[in-house]
Amino acid sequence: MTVLELKDVAREPGAIYYIRRYRAIASLKLPTEIVDSNIEFSIETGPLGDKIIEVELLTQPNYPALPIIKALREFINENDNSGTLPI
């Protein structure tokens, strides 16, 4: 199971500056097919610079959720570190 890309990434407005909330469409490569899933995720920056990434699947593919969420967290962290997410 791999994450191919995040499409239509949009940041939701918020009043708390250290929490960023997003909506996107995740393109996932499952063992038998490639599916798109609507997701919401947030990135919270702690006082020491650590990041807490929470992911919610709005449309559940026919695959266990835990491996998908783990792969999405890693993919989102890589994109955030490289600066490709909207500010």
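1. A quick word on terms before we start: two strands pair if DSSP finds at least two bridges between them. Helices (H or I, at least four residues) and strands (E, at least two) are DSSP runs, numbered from the N terminus. This is a predicted model, in which local features need pLDDT of at least 70 and side-chain atom pairs count only at pLDDT 80 or more, while totals for chains, interfaces and linings use all residues. Residues are numbered from 1 along each chain as its sequence is written, and side-chain values use heavy atoms, with hydrogens and water left out.

2. Let's begin with the first hairpin. Strand 1 (residues 2–12) and strand 2 (residues 19–29) run antiparallel and are joined by eight bridges. Six residues lie between these two strands in the hairpin.

3. The pairing of strand 2 with strand 3 is antiparallel and runs over 11 bridges. A handy landmark here is Lys29, which stands opposite Ile34 in strand 3.

4. Now for the charged pairs. A salt bridge here is a side-chain nitrogen of Lys or Arg within 4 Å of a carboxyl oxygen of Asp or Glu, and the count by this rule is six. One of them joins Lys7 to Asp36, with 3.0 Å between the closest N and O atoms. Lys7 lies in strand 1 and Asp36 in strand 3 (residues 34–45), so this pair ties together parts that are 29 residues apart in sequence. For exposure, the terms are buried (under 20% relative accessible area), exposed (over 50%) and partly exposed (in between), with a 1.4 Å probe and protein chains only. Lys7 is partly exposed at 26% relative accessibility, and Asp36 is partly exposed at 45%.

5. Another salt bridge brings together the side chains of Arg23 and Glu12, at 3.8 Å from N to O. Because Arg23 is in strand 2 and Glu12 in strand 1, the pair ties together parts that are 11 residues apart in sequence. Arg23 is partly exposed, at 39% relative accessible area, and Glu12 is partly exposed as well, at 25%. Both residues belong to a network of salt bridges that also includes Glu40.

6. Do have a look at Asp80 and Arg20, whose salt bridge has its closest N and O atoms 3.1 Å apart. Asp80 lies in helix 1 (residues 65–82) and Arg20 in strand 2, so the pair ties together parts that are 60 residues apart in sequence. Is this pair buried or exposed? Asp80 and Arg20 are both buried.

7. Next, the helix itself. The expected span of a helix is 1.5 Å times one less than its number of residues. For the 18 residues of helix 1 that should be 26 Å, and the end C-alpha atoms are 26 Å apart, which agrees. After helix 1 comes Gly83, with a positive phi near 85°.

8. Which residues of helix 1 are buried? They are Ile68, Ile69, Ala71, Leu72, Phe75, Ile76, Asn79 and Asp80. These cover an arc of only 170° around the axis, which puts them on the same side of helix 1; the arc is that of the directions from the helix axis to the C-beta atoms. On the other side of the helix, Leu66, Lys70, Glu78 and Asn81 are exposed. The cover over the buried residues of helix 1 includes strand 1, strand 2, strand 3 and strand 4 (51–57).

9. Last, the core. A nonpolar core is a set of buried Ala, Val, Leu, Ile, Met, Phe, Trp, Tyr and Cys residues joined through side-chain atoms within 4.5 Å. The largest one has 21 residues, of which Leu6, Ile39, Phe41, Leu72 and Ile76 touch the most other members. Strand 1, strand 2, strand 3, strand 4 and helix 1 each give two or more residues to this core, and helix 1 gives the most, with six. With contact meaning heavy atoms within 4.5 Å, and neighbours within four places in sequence left aside, Ile76 is in contact with Leu6, Phe41, Ile43, Ile53, Val55 and Leu85.
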